[in-house]
Every structure is written in structure tokens, then in C-alpha cells.
Amino acid sequence: MANTTCLKPMKATSNGSFQGENPLDFALPLAIVQICLIVFLTRTLGFLLRPLRQPRVIAEVIGGILLGPSALGRSKAFLETVFPKQSMTVLDTLANIGLLFFLFLVGLELDLNSLRRTGKRALAIAIAGISLPFLLGIGTSLVLRKTIAEGVRRTPFLIFMGVALSITAFPVLARILAELKLLTTDIGRMAMSAAAVNDVAAWILLALAIALSGSGSPLVSLWVLLAGVAFVAIVALALRPVLARMAHHSVEGEPVKEIYICAMLTTVLAAGFITDAIGIHALFGAFVVGIVVPKEGPFAGVLIEKVEDLISGLFLPLYFVSSGLKTNVATISGGISWALLFLVIFNACLGKIGGTILASLVMKIPHREALALGFLMNTKGLVELIVLNIGKDRKVLNEETFAIMVLMALFTTFITTPIVMGIYKPARRAAPYKLRKIESAGMDSELRILACFHGSRNIPTLINLIESSRGTGRRGLTVYAMHLMELSERPSAIYMVHKARRNGVPFWNNKKDNIDANDSGRDQIVVAFQAYQQLSHVTIRPMTAISDLLTIHEDVVTSAHQKRVTLILLPFHKIQQVDGSMVSIGNEYRQLNQRVLHHAPCSVAILIDRGFGGSAQVSASDVSYSVIVLFFGGSDDREALAYGLRMAEHPGIALTVLCFLPPPGCPSFPSSEAGGIGIGMDGDQRSNDDECITRLQKRVAEKTDGSIRLEERIAGKREEIVSAIKEVRRCDLFLVGQRTPVMPLTDRIDCPELGPVGSYMGASNSTTASVLVIRQHDPSSIATGIVEEVAEEGESPDTPAAGASSKSQLNPL
């Protein structure tokens, strides 16, 4: 009689190593070690794969495989110490709880209203992208059943293989599109819409596969299916009105009630229990509840904030490792196994890519866009692993088949980014234009400004600055207000994309784009700009750039070139606190400003916001600001002066030009070697400065109302400059050049992108006024490569040109 060894259940906690107990023999400390190891390994792999622009799911799957029997798990000592068999129940339970709530977040990402508005092209692509790979999956399953999967139940195996090959990973696809700068282009919108339809269809097919995989009779499977349909109907008809009532009572700007959050999270768990009891899977219930949660208002956003970090950061990687521990690549051995792996990958790619291309060509989409869509729709991800794990748990997939399918999912996702970059990523093409700096633009010419902001905090100052800059020219001022939104790995990033699309604020904003005034789901930022535009003569076009912070500068630079702007306005990476101190919001935002300065096709200004005009928008009739230009000389100071003179056209602006002069007898500021503050400047620059001051003096003489004043100060040392700045009694805004020809005013420069004077003005104790640090466009110092200039062909600067060639522009959905 064979001896069977029963594993002793693990106690929760130990008495400590000083009591002679090993903490790794107890469930809680061992789970902590497992989680820390998993997070460290997956994050490290994610960092290493970042240069290849791979989504984090790739790193997490590879990390799971490395910890499993394919690599480190080959060591029995490692497995028995870190992942003993008796601990796997705890690990799997934690992983599935994390997965339960993550699928709830995935349901929150899907907006059924947007699915109803899916265009014919996206719907055709989705249908073809499901049906053809599903049929090829069934054909592949017939081959596998005759070779390595003998004896498995036929019908569940056919459906599981069909679903596995027909899935498109919606969240992973969104992040790949963002990496490629295609998320808000026509091809990106089409891919997202088709993937959303694909996601819903995949879950329906998965529910069918799970129902048929039970060990009971066909009648039992029928009851499971009917019970699942009844569950969905009850959630839609009974639960949705309750959730809508919760959302209605959650007012924008006020915290959502704690009882609502608790009730919602409990409902997710209860729904998971019900669907598990039905025999489908607990994940299905959480996903359905996520879908029916109302997407309007703050309710869905708060739910995501409460759940996403803990789930995505800690618990979700456990699921990938749990999958990796079940994946043994060593089972793929011999010519037949490797041939089957190649067959599965080939059929998966052929079905998805081929079906998508055929549907795209039928819908008259150009060949290059059709090929790119095919590879984009071939992206796999978490749902693929869920299908495979459920199939393995239900004994539908054996170890070898499971390993083959996991490697297929890895391969198809890994190749997506580099192939799409190679075959499609469009060159940023734009026609050249002349007005790249304010100094060269006349007072009557239109001034185009690309005003960037991170959130609603910047809006009052931004609108007040725009109002002060509108001038009196015939064509006036056009402002492209670009909301810079970081697309992270968090689930809320996809929710953010949907919100931006619902609000009608695409990255490339056409003249035809407008927002329904009665749309209750509009973004407050858009409302603020629309309200200002209706009360002023300024044309404002809201835009949204959604990208990783490492590459979002490309969106800014490309937009500036496409829109032919004269000035890019950037927010400073520090914000003012109540006590007046300046606190950084992140070094990534500082690096963003530096990259824009390095690549900008026009002049750039960085706004140090200290509440210019107060905390609210000021009407045009109430504008009364004092603006001071600190003029030392050089191209940047002349640009700041030109901008100040344009602001002085506004009747509510009083402009003072504080012109610093070298000591008597010195043609320029004394150099640092002589104990002074000067930096060498060539004769042409000095001549241009003299002409600029001469023109300014004429303007001062013409302005009899005293709205423009010129004050001259002698300065040979930096203490004299600092003293002159501090003597200013009333000032709302300082205009400063970035590359001012003087030595730094402080011993230590924390922000070199602000220049020698701007760095001092950005310090906490320098002034209480806002500061605008301006750098004039200099073609010789600007890096190239982001935007390619082409001959102008009558293209409107408000027409999108990224995402498709000018001759083969895709129609928006």
C-alpha cells in the first residue's frame, strides 16, 4: 500500500526566532517574504524592459516564470523555503482576491455608452478580430488533442483554445498606444473601440467555456449558463439603480461617503461569491459589477483611487507569479512540442492580424494603417492568463499545453511595440512657419500660445495671464490650452482616457470639434476655458496630451509645431504653499520642462505661479496688474520686453521696465574676474539691445497715460540687483529672460532651467509676485528630430496631422 504524506497546515504567526522558531514556517511572515520578493523582482524587470517600451505585464509574467520551475524553481531548496506547497493556498487566495478587485477596475474602465457609439469600422474590425482567430483556435485544438492533449474533454478544450487566441488585452493595448503616441489619433481611437468590443465578447465566451468545463452533465452546464444570464439581468435591473443613486448623491468636489465605498467593495465580494457558487468564476461577478457602476461624476473615480494602488502594486503581481509557478517551460521538449509552439504562435498571429487586416481593407482603411491595427489587436495580457489558469484549474489544459499558451501570449505582446514602431509610427510632419518669437511679431499680428497645465490649480492664473496678454491687435490671441495628463500603469489611467474622450477633448483638436453645452459629464477645466472664451475676444482651444511623463514633451513640441505657436507656456515644477514656501511636485515635471526647452520650435516661458490675479478668474473690466520687466540685455531679455509691451496694450496693465546699466565708464557689466557680475556679450547683441531700448523710449514718450515706464538702475554687483528687486513695492508679475548676461544672483542654483536671475526669483523668499521666465527661440541651440518640416501644402494649423499621413487621413469614429 502506497504511503501518502499529508502536509501539515501552517499556523498564521510565529513566536519569533528568539524562541527557536523559523518565521518562514508560518503563513503570515512567509507571505510577507513572498510578496516582497515578487514585487522587487517584477519591478526590477519592468525597469530593465522600459527602454524596450514593454508594458509592465510582460515583466510580471517573466518574473513569475523565473520564480517557477522553469528557472529558480528548479532548486528544490528554493521552492521548499520560499514557495512550499503548503503555502500555495494562501498565495493563491491573496492573488485571486487581488485579481477579483482588479477585474472590478477593468469593468470600471469599460464604458457601455462608448460601445454603443462604436463606428462601423471599429465594429467590423472587432468582429473579424474575434471570429477568425476563434476558428483557428478550434483548428489548433484539434491538432493538440491528437498530440499532447489526448484525453481532455473536447468541447471545453475547443472553446478555451478559441477564446485564448481571440483575446485582445484592452488595458495593455491602451498603454502601448500611449507609448507610441497613437492613443488619441484616429488609428488609436479605432483600436481602443475595437478592443473594448473584443473584451466584452471575450468575457461572454469565457463564461460559456467555464460553464461547459464542469464535470457534470450537459443539463448542468445549461443550468450554469441560465443562472449566469439571470445574475447579469439582476445586476443590471436591480443593482444598477442603487449604484446610480449612490453616484447621484456623490457631489463633485465633496468626499464620497465612507458607507458608499464600504458597500461597493462588499458588493464586489458578494458578487464574486454568487458567480463562484453558480459555477462560472468569482472574477466574472466582480467584472459585471464594475461594468454597471455609473461612470459619470466622482463616484467611479473615487472607487478607483481607493482600490488601485494596493491591488495593482502588491496583489496583482502575485497572480502572475502564481501563473509562473504553474508554467514549466521544460515540458516543451522535443521537435513535436516546439513545432506545436510555433503552430500556436503562427495561428494566433494569423487569425488576429489577418482578420483585422481583411476587415480594415474591406472598410477602405489604407494598407499601412491596416497592418498596424492588425499587430495592435494581437496584444495579449491579463485576461489571456486568466483564461489559461482557469483552463488549467478545470483540467482542460495540461502542463505542456499551458506552457505553450503562456509563451504564445508573451511573444505576441512583446513584438507589438517594436513592430508597430517599425511599420507605422508616423513621422511628426509640419510645415515651417516664421513667427517663432514674440520680438519678430508685430503688435497687429496674431499671437499663438500653447499654454500647458497639470490640473485645475493652474487655471485661474493661466486665464488671468491670457487675459493680460490679449493685446488690441486685429487678429488678437489664440490659445491652445493643453492639459498634460500622465498615463501610468494604474487602472485610473484608462478611466482618464475614457473621461477625456467623453468630454470631447482630443489631443488633436479640429476646428469642427465642439462640446455639447448640456453635457453634464464635461470636465470642469473645459468649462472654465469655455466660459472665459465667451466673455473675451480670445480664441481658446482645449486639448489633452495623455502620455508617459518621460515622453510627453514630444506631444508638447509636436503640438507647438503643428499649431504654429509663437510661445509655449509651461508651469513651474514647484507650487506655492500657504506659508509662501515653494514645494516640488516631482522631478519628472522639472525634466519635462527641460526637454521642452531643449526641443521647442519657438520661444518658451516657464510660469512660477504665486497666484497671479488671485485664486479666481478676474473679469476684463477688473484687471489692474503691475508688470515689471527686468532688463539686463540679450535676446531673452528682449523677448521678455516684447511680451511685456504686448501686455501693456491691455488697459488694465501698468508696465515698468527696470533696466540695469553697468557702472559709469563701463561699456558692459564688469566681468566676474574683475569682481563683477557680467558675462561676455558680442557687439551685435549690444547693438540690438540699444535699438530695443531706443524703441522703448519712444513708446514711453507716446504713452501719455503713464502705463509704460522706464526706470534705469546702476548695478555692478549682484547685491545691488537683489536690492533693486526687493525695493519694488507693488508687482503682480515679473518678466525675466532665461539667458540673462549676468552671473547667478545666488551661490547655489537649484533650477538651472530658469537661468541666473530666474533661479533667484523662483526661490521661496525672493518675492511674493508670480514670475515668467522667457527664453527666445534660437534655431542654433534647439535639438532636432521630433518634428520633420515639410513644404507647406495649404494645410491648416488646426488640422491634425499626426496619426495618419495627410493623404490618407482616417475618419474619426
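Of the 813 residues of the protein chain, 57% count as buried, where buried means under 20% relative accessible area, exposed means over 50%, and partly exposed lies in between (1.4 Å probe, protein chains only). This is a predicted model, in which local features need pLDDT of at least 70 and side-chain atom pairs count only at pLDDT 80 or more, while totals for chains, interfaces and linings use all residues. Residues are numbered from 1 along each chain as its sequence is written, and side-chain values use heavy atoms, with hydrogens and water left out. Here is a friendly tour, topic by topic.

**The whole chain**

- The protein chain has 26 helices and 14 strands; helices (H or I, at least four residues) and strands (E, at least two) are DSSP runs, numbered from the N terminus.
- Among contacts with a separation of 6 or more, 81% join residues 24 or more positions apart, a contact being heavy atoms within 4.5 Å.

- Strand E13 (residues 770-775) has six of its six residues buried, so it is largely enclosed by the rest of the structure.
- In a regular strand, side chains alternate between the two faces of the sheet.
- On one side of E13 sit Ser770, Leu772 and Ile774, on the other Val771, Val773 and Arg775, and all of them are buried.
- E13 pairs with strand E8 (residues 603-608) in the antiparallel sense, over five bridges; two strands pair if DSSP finds at least two bridges between them.
- Within that pairing, alanine 605 has isoleucine 774 of E13 as its bridge partner.
- Strand E12 (residues 733-737) also pairs with E13 over five bridges, in the parallel sense, and serine 770 in E13 stands opposite leucine 733.
- From E12 the chain crosses through helix H26 (residues 755-761) to E13 in a right-handed β-α-β crossover; right-handed means that, with the strands pointing away from the viewer, the path from the first strand over the helix to the second runs clockwise.

- Seven of the seven residues of strand E9 (residues 625-631) are buried, so E9 is largely enclosed by the rest of the structure.
- Tyr625, Val627, Val629 and Phe631 point one way from E9, whereas Ser626, Ile628 and Leu630 point the other way.
- E9 and strand E10 (residues 653-661) pair in the parallel sense over seven bridges, and leucine 630 has leucine 658 in E10 as its bridge partner.
- Between E9 and E10 the chain passes through helix H23 (residues 635-647), giving a right-handed β-α-β crossover.
- E9 also pairs with E12 in the parallel sense, over four bridges, with valine 629 opposite leucine 735 in E12.

**Salt bridges**

- Side chains of opposite charge can pair when their charged atoms come close.
- A search of the whole structure finds 13 salt bridges, each being a side-chain nitrogen of Lys or Arg within 4 Å of a carboxyl oxygen of Asp or Glu.
- Glutamate 60 and arginine 56 form one of them, with their closest N and O atoms 3.5 Å apart.
- These two residues are four apart in helix H2 (residues 56-67), which means about one helical turn separates them, and both are buried.
- Arginine 739 and aspartate 778 meet in a salt bridge at 3.9 Å, N to O.
- That pair links distant parts of the chain, 39 residues apart: arginine 739 is in the loop between E12 and H26, and aspartate 778 is in the loop between E13 and strand E14 (787-789).
- Arginine 739 is partly exposed at 31%, and aspartate 778 is partly exposed at 26%.
- Arg709, Glu711, Arg713 and Glu727 are linked in a network of salt bridges, in which the closest N and O atoms of glutamate 711 and arginine 713 are 3.8 Å apart.

**Two loop residues with positive phi**

- Lysine 364, in the loop between helix H14 (334-362) and helix H15 (367-377), has a phi near 65 degrees and is exposed, with a relative accessible area of 72%.
- Arginine 564, in the loop between helix H21 (552-562) and strand E5 (567-571), has a positive phi of about 55 degrees although it is not a glycine, and counts as buried at 17% relative accessibility.
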